[in-house]
Amino acid sequence: MRLSCSQAFIEKFEKDVQAFLDNIVTMDETVVAYHTPETKDMSKQLVKKGSPGPVKCKSQESCLKQMVLAFFDNKGLIYTNIVPMGTTVNADCIVSVLNDFFKRMRQKRPAKLKIGFLFHMDNAPIHTDRKVVDFWPPRM
């Protein structure tokens with residue numbers, strides 16, 4: 001399957017490079033940590049001449065993290081989904097996010113939906129789950 005897909009991609013690429021690149025939509029996930037370090041300007045305080053400066057506590061990174069799913073093409077960001085804290089990212093979650101993505105795609109890239117596009121996401125086990133795989137055929 002991967003070999004035949006790769007060969008088809010190479011043929012399309014060699015035929016028209018720009019059209020091939022215009023036709024790709026990518027989904028990627030990342031984790032965002034809630035930590036904003038204080039800059040030097042933010043930490044400045046006025047003190048009287050000769051008095052000691054303020055005592056500063058050592059900064060510690062927060063353990064709060066949140067997953068963000070981003071969909072983009074060569075024109076920029078199409079859709080971002082911030083996964084609510086405590087939500088398990090499973091096949092049902094991915095299918096729900098994909099439905100939201102297609103709603104946004106209809107608004108931002110309607111022409112791309114009409115002609116079709118190549119959708120790229122990594123091969124994480126959740127992306128190859130039967131529910132996620134079955135989501136695609138009726139829509140593409």
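In this predicted model, the largest nonpolar core comprises 21 residues. L69, F71, L98, F101, V132 and W136 have the most contacts inside this core. Five elements each supply at least two of the core residues: the strands β1 (24–33), β2 (65–73) and β3 (76–82), and the helices α4 (91–108) and α6 (130–135). The greatest contribution comes from α4, which gives 9 residues.

L98 illustrates the packing within this region. Neighbours within four places in sequence set aside, L98 is in contact with F71, F119, V132, F135 and W136. Among these partners, F71, V132 and W136 are also listed with L98 as residues with the most contacts inside the core.

The strands were examined next. An open sheet is formed by 4 strands. Their order is β3-β2-β1-β4, and the pairing is mixed. The edge positions are taken by β3 and β4 (118–120). Each of these two strands has a single partner, so one of its sides lacks a neighbour in the sheet. From one strand to the next, the twist averages 25°.

β1 and β2 run antiparallel and are joined by 8 bridges. T26 stands opposite F72 of β2.

Helix and sheet come together through α4. This helix lies across β1, β2, β3 and β4. Relative to β3, α4 runs at about 145°.

How values were computed. Residues are numbered from 1 along each chain as its sequence is written. This is a predicted model: local features need pLDDT of at least 70, side-chain atom pairs count only at pLDDT 80 or more; totals for chains, interfaces and linings use all residues. Side-chain values use heavy atoms; hydrogens and water are left out. A nonpolar core is a set of buried Ala, Val, Leu, Ile, Met, Phe, Trp, Tyr and Cys residues joined through side-chain atoms within 4.5 Å. Buried means under 20% relative accessible area, exposed over 50%, partly exposed in between (1.4 Å probe, protein chains only). Contact means heavy atoms within 4.5 Å. Two strands pair if DSSP finds at least two bridges between them. Axes are lines fitted to C-alpha atoms, for helices over the stretch in contact, and angles run from 0 to 180 degrees between N-to-C directions.
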